[in-house]
Amino acid sequence: MKKTALITGASSGLGAEFARLFAKDDFDLVLVARRQDKLNELKTELEVAYSITVTTFAKDLTEPDAAKAVFDFTQDRNLSIDALVNNAGFGDWGFFAESNLQKQQQMIRLNDETLVTLTHLFLPQMISRKNGRILNVASLASFMPGAKMSVYYASKAFVRSFSEALSVELKGRGVTVTVLCPGPVSTDFWERAEAQNSSLTKHFFFADGKKVARYGYTCLMRGKVLAIPGISTKLATFLTKFLPRSWVRNLVYAAQK
């Protein structure tokens, strides 16, 4: 029986790359993002290339009841979700005291609350079938505090902690959880975060989105819990375990100011 993957933030960046990887492996898809035009373009591309069925749902996942709306959308169409990819998220660069509070709240809702709600809604069906895969996209940021992107870094720490804990709870129940923790990736994330003037965007190496998505997808299919792509990213996470915390938080600030 053909399987179906649901991907949030699917219209561009890592989300679109995940969609292509699942499509290549003959998954039908449910693609969720804000931009219907971009979803339609990707739907046409994948249906023509791989002869799969792509269902799109244009929804702003920062809205309070968005996750329930996504779940209801799939239930109304009798779509059984075998793989859930919680990819949607955004950041915001700048000092917290000077930030837009509504934007910070929307970030927490999208990066954390929507992810948790979607997982909670789809998980019981996966457990009942004793088969399912969940991929949550976190970040290298989840291993450290990030001055000038304080809420974003904290939101990704939540995603990693939640995912690792959930992976233990689900042992022996046929469902795996993978959390992807890449370093900076070449996507439109940085424009939306208004971080073009940060030191990080000017001087740091940015990974290729296709390679990061492929690594995360491979780890998901192998049932690996923690997916950290790239030697430099692995080294950075290793160093955070041994460097004094005062060093870590000040090094991150120096990289971002």
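Is Asp 26 buried, partly exposed or exposed, and what is its relative accessible area? Asp 26 is partly exposed, with a relative accessible area of 42%; buried denotes under 20% relative accessible area, exposed over 50%, and partly exposed the range in between, for a 1.4 Å probe and protein chains only. The structure is a predicted model, in which local features need pLDDT of at least 70, side-chain atom pairs count only at pLDDT 80 or more, and totals for chains, interfaces and linings use all residues. Residues are numbered from 1 along each chain as its sequence is written, and side-chain values use heavy atoms, with hydrogens and water left out.

Asp 26 is located in the loop between H1 and S2, where helices (H or I, at least four residues) and strands (E, at least two) are DSSP runs numbered from the N terminus. Although Asp 26 is not a glycine, its phi is positive, at about 70°. Most residues other than glycine have a negative phi. A positive phi, of about 55°, is also found at Ser 51, which is not a glycine either. Ser 51 belongs to the loop between helix H2 (36–50) and S3 and counts as exposed, at 61% relative accessibility.

The strands form an open sheet of seven, in the order S3-S2-S1-S4-S5-S6-S7 and with parallel pairing; two strands pair if DSSP finds at least two bridges between them. Strand S3 (54–58) and strand S7 (226–227) stand at the edges with a single partner strand each, so one side of each is left without a neighbour in the sheet. Strand S1 (residues 4–8) runs parallel to strand S2 (residues 28–33), and five bridges join them. Within this pair, Ile 7 stands opposite Leu 31 in S2.

Two helices that lie across the sheet are H1 and H4. Helix H1 (residues 13–24) lies across S1, S2, strand S4 (83–86), strand S5 (132–137) and strand S6 (175–180), and runs at about 170° to S1. Axes are lines fitted to C-alpha atoms, for helices over the stretch in contact, and angles run from 0 to 180 degrees between N-to-C directions. Helix H4 (residues 101–129) lies across S1, S4, S5 and S6, at about 170° to S4.

H1 also packs with helix H8 (residues 209–222), at an angle of about 55° and with the axes 9 Å apart. H1 and H8 are therefore oblique to each other; angles under 35 degrees count as roughly parallel, over 145 as roughly antiparallel, 65 to 115 as roughly perpendicular and the rest as oblique. The contact (heavy atoms within 4.5 Å) involves residues including Leu 14, Phe 18 and Leu 21 of H1 and Val 212, Tyr 217 and Leu 220 of H8. By class, this contact has nine nonpolar, one polar and three charged residues, with Ala, Val, Leu, Ile, Met, Phe, Trp, Tyr, Cys and Pro counted as nonpolar, Asp, Glu, Lys and Arg as charged, and the others, Gly among them, as polar.

H4 packs with helix H5 (residues 150–169) at an angle of about 15°, with axes 8 Å apart, and the two are therefore roughly parallel to each other. The residues of the contact of H4 with H5 divide into 11 nonpolar, four polar and two charged. Helix H3 (residues 66–76) packs with H4 at about 30°, with axes 8 Å apart, which makes H3 roughly parallel to H4. The contact of H3 with H4 has six nonpolar, five polar and one charged residues.
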